[in-house]
Amino acid sequence: MSELAPYATSNASSRGRRHPEAPPNNRSEFQRDRDRIVHSAAFRRLEYKTQVFVNHEGDMFRTRLTHSLEVAQIGRTIARALQANEELTEAISLAHDLGHTPFGHAGQDALNDCMRDYGGFEHNLQSLRIVDHLEEKYAEFNGLNLTFETREGILKHCSVKNAQQLGDIGERFLKKQQPGLEAQIANFADEIAYNNHDVDDGLRAGLLSIEQMREVDLFNQQYEEVMQQYPAISERRAIHEIIRRMINRQITDFLAATSAQIKSVNPACADDIKQLPAPIAVYSDEMQGKTRQLKKTLRTSLYQHYRVHRMSTKAKLVIKSLFQAFMDDIRLLPTDTCKNASIEYNASGDGARAVVIADYIAGMTDRYAIREYERIFDPIKLT
Ligand code: MG
């Protein structure tokens, strides 16, 4: 790791872990966090969770796992260039989507609807719940016992009501502070990754066309550059050349704009960045306008495309049906989960039982959720 700037989160200043542990031997604390994330069951399940396209649509599309790897790689590049903590950025990036339900945002919306009377469901909070409570791997604690900084970085949004129940990790939201620099970088890296790979996947799936994308300035500028330089290039290679240039443009702009902010604010320590009235990590005004235009096209042409909408509708049906069936009869749940649901119900009532069921559903991959649906509702499928 390159030398850290004074405003970076340092290993030495970490607020530590909930359960104290001896320091690692050959790694930093944040490297240990990263390793625990990579070894978690929730991380492996990301392989079969949807980003935009349901997993069985095809093998070439991004899943949450490849998305998370792209986020980490972009995040590390940015962190190193800004002399922020690259290892912390990597850990936050790899963990940021752990709490996603099957079927992407459609799945989350459906589960949130199901949980409306029991506090709702939010994937971001669920990521924290996984690393704090749900992973069962270590002898001495539940969860992964990550450092405060990684946990705080994972929690991107949080309502005041939820923040009040989270103790120190929720403080930032009550004090209206900014995320740490490394969390801000991971957040931008997330956006850069999905804005670009969704164009690639959308074109590959035939839901977006090059003509359509040429109406987006950021795409069209790179398109013209590539076509001028390589007039005979194949379409597939051209798309890749355009997208890699788009990513490069966004990162370069982000680094210039954020460096200028750092220079003018001149933060003396990591905490100074959290105290600012707005995030220090920014695009230039021009790039902000361009990414807004790109996002708008993705929203109207890809995320709202009727084929994506059909998948989303089906996904919601699967999630809602499973939730209702388990709520009506917990004996449909696998033995351990059923036992858990019953213990929670006896101790704290309906809401606690609903949380066990939501945890179970949220942990499913796309294909597992579809199989569970078939096992429960398809009279022909008995296993
Ligand atoms: Mg993401």
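Trainee: What should I know before reading the values?

Mentor: The model is predicted, so local features need pLDDT of at least 70 and side-chain atom pairs count only at pLDDT 80 or more, while totals for chains, interfaces and linings use all residues. Residues are numbered from 1 along each chain as its sequence is written, and side-chain values use heavy atoms, with hydrogens and water left out.

Trainee: How many aromatic pairs does the structure hold?

Mentor: First the rule. Rings of Phe, Tyr and Trp (its six-membered ring) pair if their centres lie within 6.5 Å; planes under 30 degrees apart are stacked, over 60 edge-to-face, the rest tilted. The structure holds seven such pairs. Take Tyr138 and Phe141: the centres are 5.1 Å apart and the planes lie at 25°, so this pair is stacked.

Trainee: Are Tyr138 and Phe141 buried or exposed?

Mentor: Buried means under 20% relative accessible area, exposed over 50%, partly exposed in between (1.4 Å probe, protein chains only). Tyr138 is partly exposed at 28%. Phe141 is buried at 10%.

Trainee: Which geometry do Phe254 and Tyr283 show?

Mentor: Edge-to-face: 6.3 Å centre to centre, with 85° between the planes. The pair links distant parts of the chain, 29 residues apart. Helices here are DSSP runs (H or I, at least four residues; strands are E, at least two), numbered from the N terminus. Phe254 is in helix α13 (residues 235-265), and Tyr283 is in the loop between α14 (270-275) and α15 (285-303). Both residues are buried. With Phe188 they form one aromatic cluster.

Trainee: Which charged end sits over the ring of Tyr138?

Mentor: The test is NZ of Lys or CZ of Arg within 6 Å of the ring centre and within 35 degrees of the ring normal. Arg36 meets it, 4.9 Å from the centre of the Tyr138 ring. Arg367 sits over Tyr48 in the same way, at 3.7 Å.

Trainee: What are the protein donors of the magnesium ion?

Mentor: Donors are N, O and S atoms within 2.8 Å of the metal (3.2 Å for Na, K and Ca); water is not among the atoms, so sites may look incomplete. Here they are His67 (NE2), His96 (NE2), Asp97 (OD) and Asp190 (OD), 2.1 to 2.6 Å from the ion. Asp97 lies in the loop between α4 (86-95) and α5 (104-114) and Asp190 in helix α10 (residues 181-205), so the pair ties together parts 93 residues apart in sequence. Asp97 and Asp190 are buried.

Trainee: How many residues has α13?

Mentor: The expected span of a helix is 1.5 Å times one less than its number of residues. α13 has 31 residues and reaches 45 Å from first C-alpha to last, close to the expected 45 Å. Asn266 follows, with a positive phi near 50°.
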